Amino acid sequence: MSETRLALKVDVDTYAGTRDGVPVLMNLLAEHNAQASFYFCFGPDHTGRTLRRIFTHKGFFKKAWQSGAPSAYGIKTMLNGVLLPGPNIGKKCAAIMQQVDKAGYEVGIHAWNHVNWHDFLLKQGEGLAKSELGQAAKAFLQIFGRLTETTAAPGWTASAISLALQDQMGLSYCSDCRGSHPFYPVVDGQYFNTLQIPTTLPTADELLGRNSLTPANLAQHYLQLLQPGLNVLTIHAELEGGSIKDSFRQLLQLLQQSNIPCISLAEARQQVDNAPCCKLEMGMVNGRALPVAIQGEELPEKEQQE
């Protein structure tokens, strides 16, 4: 399909983002007849523990400051898990999550503990991945009364271990990486069966503060970035549902005026007939201080390898 279309993926990282940002996004989407997929965190909000990245990842503080993340997330959220106890998002915000589902938006798993997955998946391996996915899946079932069909990894952090566990969950698809088109991932020669629908566009926090981009001109910039076919944009409840909500409203208006449909990732999944196998490796993208999973070169199908 060559028609330009935009799939919206909403990452909801924090308690405040769930409580305050999600209702704002629901209203904006409804006003513009747009669809989206919401990925929730269900465990403790330990956002404050990301501050240790200032000492472990070069450029993290500069990137965070340029994007306006500290003001967008708020002082209280930045203290969660450090000087303040981390609120359990699933327990406190179950009603909001259920409202999203009842309104007809797709819901999926982002994480149990966002910070744990992002910072320790590649270091601690299978034990952490099983615990995080298991707890999140249990909470999802309790809140929505069914099993999830999709997950999206925090910080686009993925490994052969996490992909194998997702295969075991029988998911329809995942969105764990950055890339250009849907594909089946291959890590170190190991083929996986769960389709990946990658984020294709840079996120607001990667763009703001660079190349004279501000919330006032961000929407127009996104319109210029769109390519024929499927585009996938990850937004954040704490940003597009908070400090830059006017910019997101402008983007939705521009998309409407240009007759570019906003769809969910589930709708995008239904439109995938055949997808190639591609390498998946951790690497760097512009505007982000930490590595992310990136779609690589296309490979022969698994049957041809055996």
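## Second largest cavity

H11, E9 and H13 each give at least two residues to the lining of the second largest cavity. This model is predicted. H13 contributes the most to that lining, with three residues. About 50 Å³ of space lies inside the second largest cavity.

The lining consists of Ala204, Leu218, Tyr222, Leu233, Ile235, Glu240, Ile244, Ser247, Phe248 and Leu251. Eight of these lining residues are nonpolar, one is polar and one is charged.

## Helix H11

Helix H11 spans residues 218-225. Its buried residues are Leu218, Ala219 and Tyr222. Seen down the axis of H11, these buried residues fall within an arc of 100 degrees, so they line one face of the helix. An α-helix has 3.6 residues a turn, so residues three or four places apart point the same way.

What do the buried residues of H11 pack against? Their partners are helix H10 (204-207), strand E9 (230-236) and helix H13 (245-257).

Gln227 sits in the loop between H11 and E9. Gln227 is partly exposed, at a relative accessible area of 48%. Thr200 is 27 residues from Gln227 in sequence. In space, the two are 9.8 Å apart, C-alpha to C-alpha.

## Largest cavity

The structure holds two cavities of 30 Å³ or more. The largest has a volume of about 80 Å³. Its lining comprises 13 residues, and His110, Ala111, Trp117, Leu133 and Pro154 lie nearest the centre. Strand E3 (106-111) and helix H8 (126-144) are the elements that give two or more residues to this lining.

By class, the lining of the largest cavity has nine nonpolar residues, three polar and one charged.

## Second largest pocket

The second largest pocket holds about 270 Å³ of space. It is lined by 16 residues. Which of them lie nearest its centre? They are Tyr184, Ala275, Pro276, Cys277 and Glu301. Strand E12 (292-299) and helix H15 (302-305) are the elements that supply two or more residues to the lining of this pocket.

The pocket lining divides into eight nonpolar, two polar and six charged residues.

## Cysteines

How many disulfides does the structure hold? The count is zero. A disulfide is a covalent bond between the sulfur atoms of two cysteines. For Cys278, the closest cysteine sulfur is that of Cys277, at 7.4 Å. A disulfide needs the sulfur atoms within 2.5 Å, so this pair is too far apart for a bond.

Is Cys278 buried or exposed? Cys278 counts as buried, at 1% relative accessibility. Cys93 is buried too, with a relative accessible area of 1%.

## Positive phi in two loops

Asn33 has a phi near 50 degrees, a positive value in a residue other than glycine. Asn33 is placed in the loop between helix H1 (15-31) and strand E2 (37-41). At 71% relative accessibility, Asn33 is exposed.

Asp188 also has a positive phi, near 50 degrees, and is likewise a residue other than glycine. Where does Asp188 lie? Asp188 is in the loop between strand E6 (184-187) and strand E7 (190-191). Its relative accessibility is 81%, so Asp188 counts as exposed.

Conventions. Residues are numbered from 1 along each chain as its sequence is written. This is a predicted model: local features need pLDDT of at least 70, side-chain atom pairs count only at pLDDT 80 or more; totals for chains, interfaces and linings use all residues. Side-chain values use heavy atoms; hydrogens and water are left out. Buried means under 20% relative accessible area, exposed over 50%, partly exposed in between (1.4 Å probe, protein chains only). Helices (H or I, at least four residues) and strands (E, at least two) are DSSP runs, numbered from the N terminus. The arc is that of the directions from the helix axis to the C-beta atoms. Contact means heavy atoms within 4.5 Å. On a 1 Å grid over the protein atoms alone, a cavity is a set of points where a 1.4 Å probe fits but cannot get out, and a pocket is an open set with protein on both sides within 12 Å along at least five of seven lines; lining residues have an atom within 4 Å of a point. Grid points are joined across faces, edges and corners, and a volume is the space filled by probe spheres set on the points. Ala, Val, Leu, Ile, Met, Phe, Trp, Tyr, Cys and Pro count as nonpolar, Asp, Glu, Lys and Arg as charged, and the others, Gly among them, as polar.
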